[in-house]
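Here's a quick briefing to read with the model open. Have a look at the fold, then work through the points below.

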Amino acid sequence: MASESAEDPKVAAAVAAAEAAGPPSGESVRIDSWIWSVRLVKTRSLGAAACKGGHVRVNGERVKPSHSLRVGDEVRLRAETRERIVVVKRLIRKRVGAPVAVQCYIDNSPPPPPREAVAPAGIRDRGTGRPTKRDRRELERLRGLGGPTPFGGHTGPGGPGSSGDPDAASGGTDRRRGGSAGRETAGGRKARGKGAGGAGRS
């Protein structure tokens, strides 16, 4: 390790930073603090929650967040969609950058699953821009929202050519008729009311 750090200044700097982030001599490091410091989890609270949920094992045994780590311990952590298996090489209690973090453990984790196996349908890669009309139709098909019908409409929850509104076929006409009928009724009532009032006055 000394020869490697001597050859690569970046590695030497990372090792020095890792040693500077270590605890004072004789003090222990909690497991929830360590897995956060070496960037296996995003926050220390997530590390504590993983320990409480039984997702963190040290040397094959489930541990509490306050468990004290030692150099040489094997830490198994179920994080998101993959399992991390690391061997503690350095004890640190301050969060460090990724180049420094990798100097604090030996990574024996299995390779991550292919992206296609974990990416849900409909997720676009960053930098591809806004989806085109064709892309949106494909996304709608993947999500089960229907697609274009032979007559130019779209298949939706209400069936072919429907947008889900039961009055879609004649809704505009029906609503206009209903509205005009309502106005006529109201007008008729007003007229009758005036007539009745006039008859009462006479």
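Let's start at Val38, which touches Ile92, Ala101, Cys104 and Tyr105, leaving aside residues up to four places away in sequence; contact here means heavy atoms within 4.5 Å. Keep in mind that this is a predicted model, where local features need pLDDT of at least 70, side-chain atom pairs count only at pLDDT 80 or more, and totals for chains, interfaces and linings use all residues. Residues are numbered from 1 along each chain as its sequence is written, and side-chain values use heavy atoms, with hydrogens and water left out.

**Core**
- Val38 is also among the residues with the most contacts inside the largest nonpolar core, which has 27 residues. Such a core is a set of buried Ala, Val, Leu, Ile, Met, Phe, Trp, Tyr and Cys residues joined through side-chain atoms within 4.5 Å.
- Elements giving two or more residues to this core include α3 (31-37), β5 (74-79) and β6 (82-88).

**Helix α2**
- Val11, Ala14, Val15 and Ala18 are the buried residues of α2 (buried is under 20% relative accessible area, exposed over 50%, partly exposed in between, with a 1.4 Å probe and protein chains only).
- They sit on the same side of α2, because they cover an arc of only 100 degrees around the axis, taken from the directions from the helix axis to the C-beta atoms.
- Exposed Pro9 and Ala20 lie on the face turned away from that buried side.

**Sheet**
- Five strands form an open sheet, ordered β3-β2-β5-β6-β7 with antiparallel pairing (strands pair if DSSP finds at least two bridges between them).
- β3 (61-62) and β7 (105-107) are at the edges with a single partner strand each, so one side of each lacks a neighbour in the sheet.
- In β3, Glu61 is the bridge partner of Val58.

Methods
Helix = DSSP H or I, 4+ residues; strand = E, 2+ residues; numbered from the N terminus.
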